[in-house]
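Here is a brief report on one chain.

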Amino acid sequence: MRPAPIPYRDRERHASRPTAKLRLIAAVLAIVSCILLLTLYPARIALADEADASGSIVAIDVEIEADAQETRLVFKLNGPLEGRALHTGSPERVIIDLPRVNFQLPADQARTGGLISHFRYGLFARDRSRIVIDLAEPALAGSLSSQARETDGAHFFTITLRPVDPEGFAEAVARDSQDLAETAARNGAVAAQIGELDDRPVIVVDPGHGGVDPGAVASGGVTEKEIVLAFGLRLRERLEEKGRYQVIMTREEDVFVSLADRVRIAREAQADLFISIHADSISSAPQVSGLTVYTGSEQASDAESARLAERENRADAAAGIEEERIDTGVGDILMDLTRRETRGFSHGFARYLVEEMESVARLNRNPLRQAGFRVLRAPDVPSVLVELGYLSSRRDIDLLRSPEWRDKTTQSMAEAIGVYFTTRFANRGLAPVSP
Ligand SMILES: [Zn+2]
């Protein structure tokens, strides 16, 4: 909604003063304040309006207001907003489900205060956004309110939290559990991402995290979800350059995709290769740095990898959804054979990747590792997870943000993919894919 113009009646009131001089001053004042109001204050709202082409509501600021009785989380928006609050336990959280909102909030905003220990926000599906509030103690969300301010057309969406005893919170969790499960149900993203396919090899590029799940956050505020999306999009460009492959992205924008949906996209597309891109943080080991390629395994190669996979596997919980079981066909003999063959391909590709990337990227001291990442569980799609580097490492952060580095590494990744497919098709007795 556009900001309302300056109230005209103020000018009339000033103009009705007796002397001509006063009238002149009043007119000048009115014009100046009019210009100020129209240019300075609502400028951000006007900008935000233009910044969102899809017509979503834009959130431009947020504040936590806390007193002894309640904590209010207030979002400033360019239009009215309706949402629904749901409660979930262990850990205690309040989830606010919303239509698509374009969050353009200042990076330095406070994320904690009163009953809120932390909150995050973002796209939860293409047409829905979500705010996830981690509670410092049990609290219930009262009704959500959206109010307009007449002077500039800004809207304020307020989430009010009030403390409650653990029993009261448990009741709310029980009441909301069914609704929460329904919101996590498939959102149609899978079919939309796959589209029409032909005979060329299919590669699924999977930028980790997204939307309400930022992944690792570096000290300067840069997030894993941004870094891996930029990398994934550049990789797609590279792979599509020569027309040899069909590339499917699990996400092309800053949206949440569940781990099960990522695997589902790879399986339903009958992908020939699945590459998950990450840049995590290992706070317990800031010395860990450099590119690492993981393949899936129940048995982690080392304790750090096990911890990393464990944290990575909680991505769905971070977005407030229950972990969905990924059907891996365990116990099915044919599927077991397929899985063994697939693992062989995954390992082979991981080795090509490390060999090709050695010359352009700084590798981890042990660049080939294994761990039980849920996203690598498709039994019939060769899959790897590449940690481009670690946001916990000062040495890695600068590289990860550099477009030149991205150019170089996507180039050698594309070369490794070329080697993989040429070898694989040659071994199958098929002609290599034409260049
Ligand atoms: Zn990650």
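## Overall make-up

The chain has 12 helices and 16 strands, where helices (H or I, at least four residues) and strands (E, at least two) are DSSP runs numbered from the N terminus. This is a predicted model: local features need pLDDT of at least 70, side-chain atom pairs count only at pLDDT 80 or more, and totals for chains, interfaces and linings use all residues. Residues are numbered from 1 along each chain as its sequence is written.

Of the 435 residues, 40% count as buried (20 or more other C-beta atoms within 10 Å of the residue's own, with C-beta atoms placed from the backbone). Take contacts between residues at least 6 apart in sequence: 75% join residues at least 24 apart. Contact means C-beta atoms, placed from the backbone, within 7 Å.

## The six-stranded sheet

Six strands make an open, mixed sheet, ordered β12-β11-β13-β16-β14-β15. Strands pair if DSSP finds at least two bridges between them. Neighbouring strands are turned by 20° against each other on average, direction ignored. Axes are lines fitted to C-alpha atoms, for helices over the stretch in contact; angles run from 0 to 180 degrees between N-to-C directions.

Strand β11 (residues 202-207) runs parallel to β12, joined by four bridges. I203 has V247 in β12 as its bridge partner.

## Helices on the sheet

Helix α6 (residues 224-241) packs on the sheet and touches β11, β12 and β13 (273-278). Its direction makes about 160° with that of β11.

Helix α10 (residues 333-357) also packs on the sheet. Helix α10 touches β13, β14 (291-296), β15 and β16 (383-387). Its direction makes about 175° with that of β14.

Notes: Contact = placed C-beta atoms within 7 Å. Buried ≥ 20, exposed ≤ 12 C-beta atoms within 10 Å, placed from the backbone.
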